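Please keep the sequence and the model in view while reading.

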Amino acid sequence: MERKTAWEIYNEEQLAELEKLNQEYRYFLDHGKTERECIDTIVNTISAEGYQELESLVESGARLQKGDKVYSVWMNKSIAMFQIGEKPITEGFNILGAHIDSPRIDVKQNPLYEDGGMAYFDTHYYGGVKKYQWAAIPLALHGVVVKKDQTVVEINIGENEDDPVFFISDLLIHLAGEQMKKVASKVIEGEDLDLIIGSKPLHINKEEKDKETDPDKKEVKDAVKAGVLDILKKAYDIEEEDFISAELEIVPAGNAREAGFDRSMILGYGQDDRVCAFTSMRAMLDMGVTERTLCCILVDKEEVGSIGATGMKSRFFENAVAELLNLNGEYSELNLRRCLAHSCMLSSDVSAGFDPSYASCFEKKNAAFMGKGMVFNKFTGSGGKSGSNDANAEYVAHLRKIMDDKGIVWQTAELGKVDVGGGGTIAYILAEYGMNVIDSGVPVLNMHAPWEATSKADVYETYRGYKVFAEGAAM
Ligand code: MN
Ligand code: MN
């Protein structure tokens, strides 16, 4: 059972559409390097296409018509979008779901210190990372600092050509004899992932210094750190204490790039899982009125277990559905349960693309290949399918049928060889409502590395597949 490469089937028109979609995708990556930035980009995009905020409709008590487009954002980090279909909501949604958080390095709440004439941010990494990959590369700082009066200061430094960048140091090879003998997980340890943010002492006018009689003021303690604080005060009006209520994310600096002589791939940060988030959103926006109501959920905290108020385990999605039913005068606990139980979902996340350099970690018949289209994972999990959502065979058969009827190029895969490792997604959480859920998505090389790679053809086929699902799924 060999599958063909998507590139082989395209005509000129499709190739042009593929390039246009991928250009838009790169824009999405470049403007969404944090959950909050993703939400801003998504809300800007969907508002321009007629989406209205659910909360404002609830306030005005508006009634929903077929074709109406609604969205609900939770804490600026998760979003649920709905497009009302022809059939009653209680007959279920077709749901496209993905996550918009990505592995990175977070700044600690008391982060600033000086050592060896340099100022640092102390950090705590987020999600599964190979720590050594994050040293000695240009890094950018994104996020918010919320002051006591609720003023939100947005930070975004390191993306423009003339912005400064930051970096984590690594030991020179000349002195690395002992380091090079360590196991990879210990080469650079968590507490050593500290960000270098400055090296110039606070400048004090010489005349003022000479006049100063207080010895404490004559010699500023930790002058480099003081210099950084001085810059932060002037540029953002923030103080050291304000870091306590900040969410600052350290991410690779720079825009996503085309890769290969043939420009067939995208190399960029955060493609897990923004590639599925973008294609899910785009597919939903490109659908006319469908029979079943469409839904797209893009959530936070998947990389750390889907916990918290903005993770998939939060009830914010269920609450939004309850509000939607209520607007239609149809809310009851039973109707809510019927709606969710009768829904179909593509829980989309990236798949491990087959990597010939590490072939021994894959089982080739059941691996996802770059360029061979949208991936379906009947199950995920690890060590004997533990922790997986295992999609029902009837549902898989239904998806095979609707995808094949529309000529979508797709493949099936498991995450690596049996017992080599594994991973989970948000699929099992939605499956708890009793709905049909399957894992699907896009193959990625270097998953969770600062720069991840995808094939433009897979991005395009996944987008096409999502549209077929939106229109045709019904179980
Ligand atoms: Mn993921
Ligand atoms: Mn991941």
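Trp410 has a relative accessible area of 7% and is therefore buried (under 20% relative accessible area, with exposed meaning over 50% and partly exposed in between; 1.4 Å probe, protein chains only). The model is predicted, so local features need pLDDT of at least 70 and side-chain atom pairs count only at pLDDT 80 or more, while totals for chains, interfaces and linings use all residues. Residues are numbered from 1 along each chain as its sequence is written, chains are lettered from A and ligands numbered from 1 in the order in which they are written, and side-chain values use heavy atoms, with hydrogens and water left out.

The structure holds 12 aromatic pairs (rings of Phe, Tyr and Trp, the last by its six-membered ring, with centres within 6.5 Å; planes under 30 degrees apart are stacked, over 60 edge-to-face, the rest tilted). Among them, Trp134 and Tyr269 are edge-to-face, at 6.4 Å centre to centre and 85° between the planes. Both Trp134 and Tyr269 are buried. Phe376 and Trp410 also form an edge-to-face pair, because their ring centres are 5.8 Å apart and their planes stand at 80°. This pair links strand S16 (residues 374–377), which holds Phe376, to strand S18 (residues 410–412), which holds Trp410, 34 residues apart (strands are DSSP runs of E, at least two residues, and helices runs of H or I, at least four, numbered from the N terminus). Phe376 counts as buried because its relative accessibility is 5%.

Leu172 lies in the loop between strand S8 (152–157) and helix H4 (184–187).
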